[in-house]
Amino acid sequence: MPSSERNMFSKILLSAISLLLANVRYFLCSLMQFIPARKWVADPPIMGNQQTRWNKDASTGTSHQTQGLKNFLPSPSKEQITFHSPKGLQCISPLIQTVEETPEPIPAKIKGHIPKWINGSLLRNGPGKFEFGEDKFNHWFDGMALLHQFQLENGTVTYRSKFLQSSSYLTNSQHNRIVVSEFGTLAMPDPCKSVFGRFMSRFEMPQPSDNASVNYVVYKGDYYVSNENIFMYKVDPETLETKEKVDWSKFVAVNGATAHPHYESDGTTYNMGNSYGKHGSRYNIIQVPPQKSKCSDTLEGAKVLCSIAPMDKMRPSYYHSFGMSENYIIFIEQPIKLNILQIITSKLRGKAISDGISWEPQYDTCFHVVNKHTGEVLPGQWYSKPFATFHQINAFEDNGCVVLDLCCQDDGTTLATYKLQNLRKSGEGLDQIYNSISRAFPRRFVLPLNVNSDTPVGKNLNPLPYTLARAVKDADGKVWCTHENLHPEGFEKVGGLEFPQINYSRYNGRRYRYFYGCGFRHLVGDSLIKVDVETKNFKIWQEDGSYPSEPVFVPVPNATAEDSGVILSVVVSPTENQSAFLLVLDAETFRELGRAEIAVQMPYGFHGIFTSH
């Protein structure tokens, strides 16, 4: 190689190394801002009926079956679970395609009966645009946020939708290509730059995405759309107009927050978010006050209640949501790990952020319990065999214990499955993708809070007669928790359950009886299910070729019964000329009351809320 070329190459290499070393801390903070935990929502995980406990080897950090307490623990189930392995699944590619927005409200065609007492709007969020120009996104979670509104009034329904006018959406639109990287898609350098310029662009500071495509959330009475990075957008729930962009880090020292906050009856809101600094990462519990001090307020007054150190500060766990009872926040540290080194170097290595997230079942799952009034982290150590969870169902306190219900999978590797190329498969290829993934099943854990040095070892510490969940203290003081299944045998035939919802306004944080969710006999929800946690019986709504969204419970005014109300769900179909519709079910009987058909194409979405007028 001529000396001039060697000198040029050396200069490029030295410049690149200098830029990387000088800005590695910025890389860390910036890239962490847009790890979009949002889209793990649709992972349909696996059922595990095995009752073996697991313990961690202190010297290696790996998990193995515990032998010391084997005489005190239930034997592993000898029954082999036979998972439902369907063949000939319907191609759902039309549900994962770019659609046009419907900015002006259009009337729906009503079939059956829409109760006149339902007055308000179902607000939904999810991806609706999957390419710009010739550039295509790789992952379902990368699609641009499309906001939906179903307005119900006096038995009528209108529909409208608008794309969130985020900086990511506007920048990509302006350049007619993908400029801002997303969870599973690395934006390529500007093709108009020189070879040197394109090479050096790998060392430029990344522009975090603000594509808030996961959920609607409420702070101080205002409506926002959110994913799990550092930015949210305030939106007008009446017009879907994009308003103010809000940066979490301007108010509290976090690099983002989940799209699943919890609410007190007075409007106080709790959330969780990670922070990243020179000493590694922390899990932070955030409290946002219920009222504004002035009209222009957004997150003013927000504070970090407490910070929790991860087991490994350079490999913190991913989480999508958390539990809340009357007095406690329950955080689950699961073995889905964020490899910070891989994430901060993802652009340099030519990889998407998703490449830095992995399932590591050599680690156990750990429960952290925090007093939400004082911020005190309780000293107990509660562990379970490795599992992954994305959505909690409910949590409540009883007889000195926290009861925690959540949707679990025994394998957390399904994230990569939700690449667009997989979702758009058909025939045998689609069947193989579905049968390769795990399913989610509802489970109950019991965490005894009053554990100390006098608590006996090897004894089941669960005093509650209505649950078979177990909690056994080990000699080292750790409490090992074994779940109870919140479903009957044969539930795997409905594909498990995800997107759980309850009568939130009256029963969140309290002992309850019913929850609702989507059954997953496909890569997206294909049925609606109501589960009775006391009897474990369930009711189901399903219709061939129809794919319902997350069920939203709306209570009857002045209702006394827990399930007195309706379930709202948006149902879409890949079948040509088959209209999408808003489905209304009687929450008690789970029978259809009516539907509102909309003659526009809608993609399958993620989460939403109902707001009363």
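Let's start with D431, which is found in helix α7, residues 427-436. Helices here are DSSP runs of H or I with at least four residues, strands are DSSP runs of E with at least two, and both are numbered from the N terminus. Is D431 buried or exposed? D431 is buried, with a relative accessible area of 10%. For that word, buried means under 20% relative accessible area, exposed means over 50%, and partly exposed is in between, using a 1.4 Å probe and protein chains only.

A quick word on what you are looking at. This is a predicted model, with residues numbered from 1 along each chain as its sequence is written. Local features need pLDDT of at least 70 and side-chain atom pairs count only at pLDDT 80 or more, while totals for chains, interfaces and linings use all residues, and side-chain values use heavy atoms, with hydrogens and water left out.

Back to D431. Which residues does D431 touch, not counting residues up to four places away in sequence? They are P86, K87, G88 and L89, where contact means heavy atoms within 4.5 Å. Let's follow K87. K87 sits in the loop between β2 (63-65) and β3 (102-107). With a relative accessible area of 77%, K87 is exposed. Now find G427 on your screen: K87 and G427 are 340 residues apart along the chain, and their C-alpha atoms are separated by 8.3 Å.

Here is another pair to look for. G350 is in the loop between α5 (346-349) and β21 (357-359), and at 34% relative accessibility it counts as partly exposed.

Let's zoom out to the protein as a whole. How many helices and strands does the protein have? Its secondary structure comes to eight helices and 39 strands. Of the 613 residues in the protein, 59% are buried. Among contacts with a separation of 6 or more, 66% are between residues 24 or more positions apart.

Next, the largest pocket. It holds about 1,400 Å³ of space. A pocket, on a 1 Å grid over the protein atoms alone, is an open set of points where a 1.4 Å probe fits, with protein on both sides within 12 Å along at least five of seven lines; lining residues have an atom within 4 Å of a point. Grid points are joined across faces, edges and corners, and the volume is the space filled by probe spheres set on the points. The idea behind this is friendly enough: rolling a probe the size of a water molecule over the atoms shows where empty space is left.

The lining of the largest pocket has 49 residues, and P261, Y263, Y504, S505 and I609 lie nearest its centre. Several elements give two or more residues to this lining, including β10 (215-219), β24 (388-398), α8 (504-507) and β39 (607-612). Which element gives the largest share? That is β39, with six residues. By class, the lining has 22 nonpolar, 21 polar and six charged residues. Ala, Val, Leu, Ile, Met, Phe, Trp, Tyr, Cys and Pro count as nonpolar, Asp, Glu, Lys and Arg as charged, and the others, Gly among them, as polar.

Now for something from a record. UniProt, in an unreviewed entry, lists H260, H320, H391 and H607 for "binding site". These positions are given in the numbering used here, the feature name is shortened, and annotations may be inferred rather than shown by experiment. The four are spread over 348 residues of sequence but cluster in space, with a largest C-alpha distance of 12.6 Å. Of these residues, H260, H391 and H607 are included in the lining of the largest pocket. H260 is found in the loop between β13 (242-247) and β14, and it is buried at 14% relative accessibility. H607 lies in strand β39 and is buried too, with a relative accessible area of 1%.

Let's finish with β24. Nine of its 11 residues are buried, so β24 is largely enclosed by the rest of the structure. β24 pairs with β25 (residues 401-409) in the antiparallel sense over eight bridges; two strands pair if DSSP finds at least two bridges between them. A388 has Q409 of β25 as its bridge partner. The two strands form a hairpin with two residues between them, and N399 in the turn has a positive phi of about 55°.
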